[in-house]
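Please keep the sequence and the model in view while reading.

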Amino acid sequence: MTRRRYAFVGLGHRAQMYVDALLGDWSDTGEIVAFCDPNRTRMDYYNDRIAAAGGKPVPCFAPERFGDMLQGADAVVVTSVDATHAQYVCAALEAGRDVVVEKPLTVDAAGCAAIAEAAARSTGKIVVTFNYRYSPRNSAVRRLIAEGRIGEVTSVHFEWTLDTIHGADYFRRWHRDRSSSGGLLVHKSTHHFDLVNWWLGARAELVFAQTALRFYGDANAAARGLGPRPERGQGAPGLGSDPFILDISRDERLKRLYLDAEHEDGYLRDQDVFAPGITIDDTMSLLVRYDNRAMLTYSLTAYAPWEGYRVAFNGTAGRIELAVCERAWTPPHAAVDPSAAGKDQADGAWEKLTLHRHWEEPQDVPVEQGAGGHGGGDRLLLDDVFRGPSDDPLARQAGFEDGIRSVLIGAAGNESARTGLPVRLADGGTRLATG
């Protein structure tokens with residue numbers, strides 16, 4: 001197997017899974033040849049990881065030199081701020097390079113259209129890393145539906161709860177700015193919409209949504225009588241006692257990636273979740289109609305006391321229920337990076353998959369776990385990314401059209417919530433309809 005040359009753009013914490021993969025179990029498939037980020041301190045952090053693995057530091061490029069970086073690469077891993085994905089994906093495709101891009105593919109309809117046009121002209125291939133597809137429990141659901149165990153699926157009820165560790169963290173970071181992240185209906189829910197699209201093998205036609213900011217933000221804090229809040233965690237009087245204040249100095253990785261890097265770009269990783277300036281929502285509900293006449297009811301709450309999800313599928317021959325608890329409760333002083341908190345191994349975590357067929361007793365469906373994150377799903381994803389997809393009957397590797405279809409459900413939801421009207425999707429869910 002010829003080793004490929006990978007360049008990285010966006011060197012925040014999301015890059016680490018892919019960097020470590022190429023320095024570890026997938027080092028035989030490729031090498032890291034360059035980094036691109038507006039912050040040199042963050043690039044230096046990853047060069048230190050390369051050095052610790054016995055490699056030589058790679059060249060570092062500012063964003064305006066992204067095109068120069070491409071000259072020495074076969075493929076680009078895009079883990080930058082969501083709103084920048086489209087520009088980097090399109091530039092890489094125009095140069096004929098392959099692209100591995102973190103979800104969401106982009107944040108809006110304009111970005112989706114630009115990527116689709118670039119992909120049509122390019123010899124490069126796009127892989128969107130939807131790791132939830134590879135989770136054993138989600139793969140098991142796909143098998144049950146594909147085997148026709150509940151007949152034709154007519155409706156899906158899907159509730160996702162983010163707790164006050166994980167959910168709160170979106171309101172500390174750049175994600176709190178809708179123009180950067182598209183809001184949680186795009187940044188987070190793109191995972192969930194992709195799962196439903198993939199589970200059903202269907203495409204969305206109509207979206208109606210209602211959203212609100214009900215828990216986080218300065219107005220909600222004032223309404224609950226919380227009093228004055230600090231701008232950020234570092235130096236705050238409540239540091240170490242207020243469960244909503246994150247102490248990034250206590251986590252060496254966060255400290256190096258963000259606290260030590262502030263002097264370059266002024267980015268604050270520990271903004272207060274009740275400070276002004278939040279433009280995203282924390283409470284969301286959607287109705288979606290698909291081209292196979294199935295209907296989805298979906299909700300996302302970003303301030304629950306526990307983390308997990310429940311999804312149920314009604315069909316002409318029965319029902320499937322999947323209940324997942326990823327973290328049973330939220331410790332009051334969780335001063336660690338929520339995205340690296342090991343949710344799958346949290347105390348009290350559990351999952352249950354049940355098949356209810358008409359005229360039969362309920363059947364608990366076993367889910368076989370693998371090693372590593374998401375029940376072994378992360379390793380399967382990385383194999384698909386760096387070794388190429390196997391002969392997978394579940395078709396778990398996602399391309400750019402899958403990314404577009406998931407983004408546009410969220411974008412349609414944002415538009416529907418803004419106008420109070422349903423929004424139609426066209427061309428198999430790859431374009432927002434006009435008129």
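A residue is called buried when its relative accessible area is under 20%, and exposed when that area is over 50%. The model discussed here is a predicted one.

With that definition, helix α14, residues 377-386, can be described as mostly covered, since seven of its 10 residues are buried. These buried residues are G377, D378, L381, L382, D384, V385 and F386. Among the elements that cover them are the strands β1 (4-9), β5 and β6, together with the helices α1 (16-23) and α6 (136-146). After α14 comes G388, which has a positive phi, near 100°.

Strands β1, β5 and β6 also belong to an open sheet of six strands, whose order is β3-β2-β1-β4-β5-β6 and whose pairing is parallel. The edges of this sheet are formed by β3 (60-61) and β6 (126-129); each has a single partner strand, so one side of each is left without a neighbour in the sheet. Within the sheet, β4 (residues 75-78) and β5 (residues 98-102) form a parallel pair over four bridges. V77 has V100, in β5, as its bridge partner. Helix α2 (residues 40-52) lies across β2 (30-36) and β3, and its direction makes an angle of about 160° with β2.

Terms used: Residues numbered from 1 in each chain as written. Predicted model: local features only at pLDDT ≥ 70, side-chain atom pairs only at ≥ 80, totals over all residues. Heavy atoms only, no water. Pairing = 2+ DSSP bridges. Helix = DSSP H or I, 4+ residues; strand = E, 2+ residues; numbered from the N terminus. Contact = heavy atoms within 4.5 Å. Axes fitted to C-alpha atoms, helices over the stretch in contact; angles between N-to-C directions. Buried < 20%, exposed > 50% of the residue type's maximum accessible area, 1.4 Å probe, protein only.
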